[in-house]
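Me: I'm new to reading protein models. Could you walk me through a few features, one at a time?

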Amino acid sequence: CFVQRGWAWNVFKAFSTVGQFLQVGFTTMTSLSMTPFMCYRHPTQEESILKYPDIFCGSPEHTTMKVFGSLLIAMASTFLVGCCYAAVKAPGWSGTSKLTAVRFLVVRFRPVWLDVEYKVEPV
């Protein structure tokens with residue numbers, strides 16, 4: 001009633017948009033998720049987080065950071081596995097609307113055989 005037909009929600013395009021944002025933030029996300037697991041030892045035999053030396057390993061703050069870091073690692077791993085699955089399945093999805101959902105993965109690439117075809121000189 002309030003939504004025009006041209007503005008209808010397309011789930012596959014939305015999935016591709018979310019995938020693009022996750023792809024852009026993947027390196028930052030994985031780096032940030034590993035921060036709580038990088039501890040170093042002080043001369044006093046206490047351990048602190050490398051990036052945040054005022055937070056001691058084993059403290060309640062560190063435990064909270066490890067929980068959120070683990071969740072972030074799980075999210076990044078799920079995204080990576082999903083991208084690998086989509087990359088393998090994408091050729092079979094050619095011509096379907098599923099390919100729109102993984103457009104963020106395949107839009108910048110072209111088949112390798114195109115390079116070979118254009119580099120071969122006629123005899």
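Me: Let's start with one residue. Is His-42 buried or exposed?

Reply: First, bear in mind that this model is predicted. The general idea is to look at the relative accessible area: under 20% counts as buried. His-42 comes out at 19%, so this residue is buried.

Me: Where is His-42 in the chain, and which residues is His-42 in contact with?

Reply: His-42 sits in the loop between β1 (39-41) and β2 (47-49). If you skip its neighbours within four places in sequence, the contacts of His-42 are Glu-47, Ser-48, Pro-53 and Phe-56.

Me: Okay, cysteines next. How many disulfides are there?

Reply: To find a disulfide, you look for a pair of cysteine sulfur atoms within 2.5 Å. Here the count is one. Cys-39 is joined to Cys-57, with 2.0 Å from S to S.

Me: What does the pair of Cys-39 and Cys-57 tie together?

Reply: Cys-39 belongs to strand β1, while Cys-57 is in the loop between β2 and α2, so the pair links parts that are 18 residues apart in sequence. The torsion about the S-S bond is about -110°, so you'd call this disulfide left-handed. Cys-39 itself is partly exposed, with a relative accessible area of 33%.

Me: And what about Cys-83?

Reply: Cys-83 is in no disulfide, and the nearest cysteine sulfur, which belongs to Cys-84, is 7.1 Å away. Cys-84 is in no disulfide either. Cys-83 counts as buried at 13% relative accessibility, whereas Cys-84, at 44%, is partly exposed.

Me: Which residues make up the largest nonpolar core?

Reply: The general idea is that in soluble globular proteins, nonpolar side chains tend to be buried together. In this model, the largest nonpolar core has seven residues: Phe-79, Cys-83, Ala-86, Trp-93, Val-102, Phe-104 and Leu-105.

Me: Let me zoom in on Trp-93. What does Trp-93 touch?

Reply: Not counting residues up to four places away in sequence, Trp-93 touches Tyr-85, Ala-86, Lys-98, Leu-99 and Val-102.

Me: Now for the surface. Which residues make the nonpolar surface patch?

Reply: Met-34, Phe-37, Met-38 and Leu-50 make a nonpolar surface patch of about 370 Å². Take Met-34, which is in helix α1 (residues 11-34). Its relative accessible area is 37%, so Met-34 is partly exposed.

Methods: Residues are numbered from 1 along each chain as its sequence is written. This is a predicted model: local features need pLDDT of at least 70, side-chain atom pairs count only at pLDDT 80 or more; totals for chains, interfaces and linings use all residues. Side-chain values use heavy atoms; hydrogens and water are left out. Patches are made of residues with over 30% relative accessible area and no salt bridge: like charges are joined within 9 Å, nonpolar side chains (Val, Leu, Ile, Met, Phe, Trp, Tyr) within 5 Å. Accessible areas come from the Shrake-Rupley method with a 1.4 Å probe; for residues, only the protein chains shown count as cover. A salt bridge is a side-chain nitrogen of Lys or Arg within 4 Å of a carboxyl oxygen of Asp or Glu. Helices (H or I, at least four residues) and strands (E, at least two) are DSSP runs, numbered from the N terminus. Buried means under 20% relative accessible area, exposed over 50%, partly exposed in between (1.4 Å probe, protein chains only). A nonpolar core is a set of buried Ala, Val, Leu, Ile, Met, Phe, Trp, Tyr and Cys residues joined through side-chain atoms within 4.5 Å. Contact means heavy atoms within 4.5 Å.
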